[in-house]
Amino acid sequence: MATFSSKITTIERHTLQQQQFRAGARGVLTQLLNDVATAAKIINREVRRAGLTDILGDEGSVNATGDEVKKLDVYADKAIYRVMDHTGRVCVMASEEVEDIISIPEEFASEDAPYVLMFDPLDGSSNIDANASIGTIFSIHRRVSTGKHGTKEDCLQAGHKQVAAGYVIYGSSTVMVYTTGHGVHGFTLDPTLGEFLLSAEDMRIPTAGSIYSVNERDTHSWTPELQEYVAWLKQEDPASRRPRTGRYIGSMIADVHRTLIKGGIFMYPGTVKKPSGKLRLLYEVAPLAWVVEQAGGKAILADGSSVLAVQPTELHQRTPVFMGSPADVDECAAFLTGSH
Ligand code: AHG
Ligand code: MN
Ligand code: MN
């Protein structure tokens, strides 16, 4: 459970306070996180107006990984770019909606820009028309290249090297959750103030939960081990909190946010046809895995190893993932690795 305080703290103040944990910090990451919050407010405004304007519906094209693009995906992608490209804080960006790396325009590019920003501008966008929760996911790394322009190598870094990550969920309220490696903190947007206010400091995922979240459409193309695990979750045994309850929104951001708050396990496994599953390592899985781990949870691959250790080789690389409460992920790992 998160702890609550009577003090009113804006996200700007909080990110500034967190700077104390980074020796020699110059405030650039702090400002970058505040830029993310600004972009989130712009996206939030459009998401909230979506039902009122003609913005709902398909844009009529497919993105880099073949998904149908919604108009709000495009809007969110551009909003982040417009906030970020001229700040001198990021040397390169990458987005789920863009095939190649996103370079910084020549006039703003600098060898001194220290960070790399990757994002899923709008996750769960197939749920927009149904008014279900959607969100923005972001991942920040320190750059490794030295020239004026950042490179693909800056983007292809393992999740454990992230310096900040988080998400914004546009749900019944709009909440931004972030970590810089010193706990996970949640802020609720006060729409009348236009400010993200600290609402959940040092969020901790429950040690064990009673919810499992997976698309069971794929049951018959899962490995026998995974089929056995999910069948076990449904058996009656109150002593081990079974049967567990199934919840699957189909919006990773909403399913993972619920997992963080209520506990349990979220899975997007590989199948025979798609061994890497669907979710993208750099824009979705690595940032959310780090948030979950920072909150005391776990995020693993089918062999039980940490998702955050995976060295990416492709920008749009997909990966299976099993993440959530430590006890639930351990149970899952025991089945998947045949050691239960
Ligand atoms: P996006 O909207 O960014 O393309 O992501 C959609 C993803 C993710 O949010 C969700 O967990 C998953 O797609 C659902 O996929 P299935 O319909 O295959 O379950
Ligand atoms: Mn997504
Ligand atoms: Mn998306």
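This is a predicted model: local features need pLDDT of at least 70, side-chain atom pairs count only at pLDDT 80 or more; totals for chains, interfaces and linings use all residues.

Colleague: Metals first, then: which residues are the protein donors of the manganese ion (ligand 2)?

Modeller: The manganese ion (ligand 2) has Asp120 (OD), Asp123 (OD) and Glu284 (OE) as its protein donors, at 1.8 to 2.1 Å. Along the chain these donors follow the spacing D-x2-D-x160-E. Distant parts of the chain are linked in this way, since Asp123 sits in strand E5 while Glu284 sits in helix H7, 161 residues apart.

Colleague: And what are the protein donors of the manganese ion (ligand 3)?

Modeller: For the manganese ion (ligand 3) they are Glu96 (OE), Asp120 (OD) and Leu122 (O), lying 2.2 to 2.3 Å from the metal, and their spacing in sequence is E-x23-D-x1-L. Here too distant parts of the chain are linked, with Glu96 in the loop between strand E3 (90–95) and strand E4 (102–103) and Asp120 in strand E5 (residues 115–123), 24 residues apart.

Colleague: Which residue bridges the two ions, and how far apart do they lie?

Modeller: Asp120 bridges the manganese ion (ligand 3) and the manganese ion (ligand 2), and the two ions lie 3.7 Å apart.

Colleague: Are Glu96 and Asp120 buried or exposed?

Modeller: Glu96 counts as buried because its relative accessibility is 4%, below the cut-off of 20%. Asp120 is buried as well, with a relative accessible area of 0%.

Colleague: Back to Glu284, what is it in contact with?

Modeller: Glu284, which belongs to helix H7 (residues 281–294), is in contact with Glu96, Asp120, Asp123, Ile137, Met252 and Leu279, leaving aside its neighbours within four places in sequence. A polar atom of the Glu284 side chain also lies 2.7 Å from the backbone nitrogen of Arg280. Glu284 is itself buried, with a relative accessible area of 2%.

Colleague: Changing topic, how many strands form the sheet, and in what order?

Modeller: There are 8 strands in an open sheet with mixed pairing, and their order is E4-E3-E5-E6-E7-E8-E9-E10.

Colleague: Why is one side of E4 and of E10 left without a neighbour in the sheet?

Modeller: E4 and strand E10 (195–200) stand at the edges and each has a single partner strand, so one side of each has no neighbour in the sheet.

Colleague: How do E6 and E7 run, and how many bridges join them?

Modeller: Strand E6 (residues 134–142) and strand E7 (residues 164–170) run antiparallel and are joined by 7 bridges. As one example, Ser139 has Ala165 in E7 as its bridge partner.

Colleague: Which strands does helix H3 lie across?

Modeller: Helix H3 (residues 71–84) lies across E3, E4, E5 and E6, and it runs at about 155 degrees to E5.

Colleague: Why is helix H6 described as largely enclosed?

Modeller: Of the 11 residues of helix H6 (residues 252–262), 9 are buried, so the rest of the structure largely encloses this helix. Those buried residues include Met252, Asp255, His257 and Arg258. After H6 comes Gly263, with a positive phi near 85 degrees.

Colleague: Last one, how many residues are in the largest nonpolar core?

Modeller: The largest nonpolar core has 41 residues, and Met84, Leu117, Ile140 and Phe196 have the most contacts inside it. Helix H2 (residues 28–49) supplies the largest share of this core, 10 residues. Another core lies apart from it and has 34 residues, among them Ile137, Leu281, Ala289 and Ala299.

Key: Residues are numbered from 1 along each chain as its sequence is written. Chains are lettered from A and ligands numbered from 1 in the order in which they are written. Side-chain values use heavy atoms; hydrogens and water are left out. Helices (H or I, at least four residues) and strands (E, at least two) are DSSP runs, numbered from the N terminus. Buried means under 20% relative accessible area, exposed over 50%, partly exposed in between (1.4 Å probe, protein chains only). Contact means heavy atoms within 4.5 Å. A polar contact is a pair of N or O atoms within 3.5 Å; within protein, one must be able to donate a hydrogen and the other to accept it, and residues adjacent in sequence count only if both atoms are side-chain atoms. Donors are N, O and S atoms within 2.8 Å of the metal (3.2 Å for Na, K and Ca); water is not among the atoms, so sites may look incomplete. A nonpolar core is a set of buried Ala, Val, Leu, Ile, Met, Phe, Trp, Tyr and Cys residues joined through side-chain atoms within 4.5 Å. Two strands pair if DSSP finds at least two bridges between them. Axes are lines fitted to C-alpha atoms, for helices over the stretch in contact, and angles run from 0 to 180 degrees between N-to-C directions.
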